[in-house]
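Q: I would like to learn how to read a few features of a structure, one at a time. Can we work through them with the model in view?

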Amino acid sequence: RAQGVTDAFGEFKLDGLPIDRLPPRRTEAVCILSRGQETWPAAFAAFILAEQAGFDLICLYGAHGFGIFQHFLSRATNQRGDEYGGSLENRSRFAREVIADMRDAVGNRMALTLRVSLDETIGELGFSNAELRDFIAMNAELPDLWDLAQGTWEDCSGPSRFKEEAAQEALVRGIRDLSPRPVVGVGRFTSPDVMARMIREG
């Protein structure tokens, strides 16, 4: 875990960072980490610099088969034998600790969202929809918003020729009841009526 990030880095400056400029609008992303900086202290530096740049929200990514959060959550990639592996509670420990450290770094001044897979769709070895529901129930207030997407990129982002509208509805149905936080789902939505129906029906 990153410890004492703000004490270690102090007030961040743009000088020496691998970016040329801050984005002109808050809605644009800025990447601060570069090769050789893949460490949590550098990541936390990015979070705090994002706050100072005026961003309102940080998105943490753990879906579609990439991202360290998914690699810890999934039994397919987490083969650890310590307190970070094995049970779902242990496999979710990393996400809990990182988000706790981020809260310490940026307080409640920025929202934190967490994208996780609805189902890795790789059988019993992977992070299933049942495990996702258990993960959300045991960490109900962990992020400020749950961002849910199915399995691989191909599963999640299929074109209309192969995917029905709201193709992930069955996977996301009922998850809103597991957490007081907002839940966002995706799945090729094109009809406002379908979107409104799904919100009404939970």
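Q: Which backbone nitrogen does the side chain of D119 reach?

A: This is a predicted model. In it, the side chain of D119 comes to 2.7 Å from the backbone nitrogen of T121.

Q: Where is the place of D119?

A: D119 sits in the loop that lies between β2 (111-117) and α6 (129-138). T121 has its place in the loop between β2 and α6 as well.

Q: What is the phi of T121, positive or negative?

A: Most residues other than glycine have a negative phi. In T121, phi is near 55°, a positive value in a residue that is not glycine.

Q: What is the relative accessible area of T121?

A: The value is 40%, so T121 counts as partly exposed. The class runs between the cut-offs of 20% and 50%.

Q: In what order do the strands of the open sheet come?

A: Strands of a sheet pair through backbone hydrogen bonds, either parallel or antiparallel. Here 4 strands form an open sheet in the order β1-β2-β3-β4, and the pairing is parallel. β1 (57-62) and β4 are at the edges with a single partner strand each, so one side of each has no neighbour in the sheet. On average, neighbouring strands of this sheet are turned by 20° against each other, direction ignored.

Q: How many bridges join β2 to β3?

A: There are 5 bridges between β2 and β3, which run parallel. Within this pair, L114 has W146 in β3 as its bridge partner. β1 and β2 pair in the parallel sense over 6 bridges, and I58 stands opposite L112 in β2.

Q: Which hand does the β-α-β unit of β2, α6 and β3 have?

A: Handedness describes the path from one strand over the helix to the next, with the strands pointing away from the viewer. The unit made by β2, α6 and β3 is right-handed.

Q: Why is strand β3 largely enclosed by the rest of the structure?

A: Strand β3 (residues 145-149) has 4 of its 5 residues buried, so the rest of the structure largely encloses this strand.

Key: Residues are numbered from 1 along each chain as its sequence is written. This is a predicted model: local features need pLDDT of at least 70, side-chain atom pairs count only at pLDDT 80 or more; totals for chains, interfaces and linings use all residues. Side-chain values use heavy atoms; hydrogens and water are left out. Helices (H or I, at least four residues) and strands (E, at least two) are DSSP runs, numbered from the N terminus. A polar contact is a pair of N or O atoms within 3.5 Å; within protein, one must be able to donate a hydrogen and the other to accept it, and residues adjacent in sequence count only if both atoms are side-chain atoms. Buried means under 20% relative accessible area, exposed over 50%, partly exposed in between (1.4 Å probe, protein chains only). Two strands pair if DSSP finds at least two bridges between them. Axes are lines fitted to C-alpha atoms, for helices over the stretch in contact, and angles run from 0 to 180 degrees between N-to-C directions.
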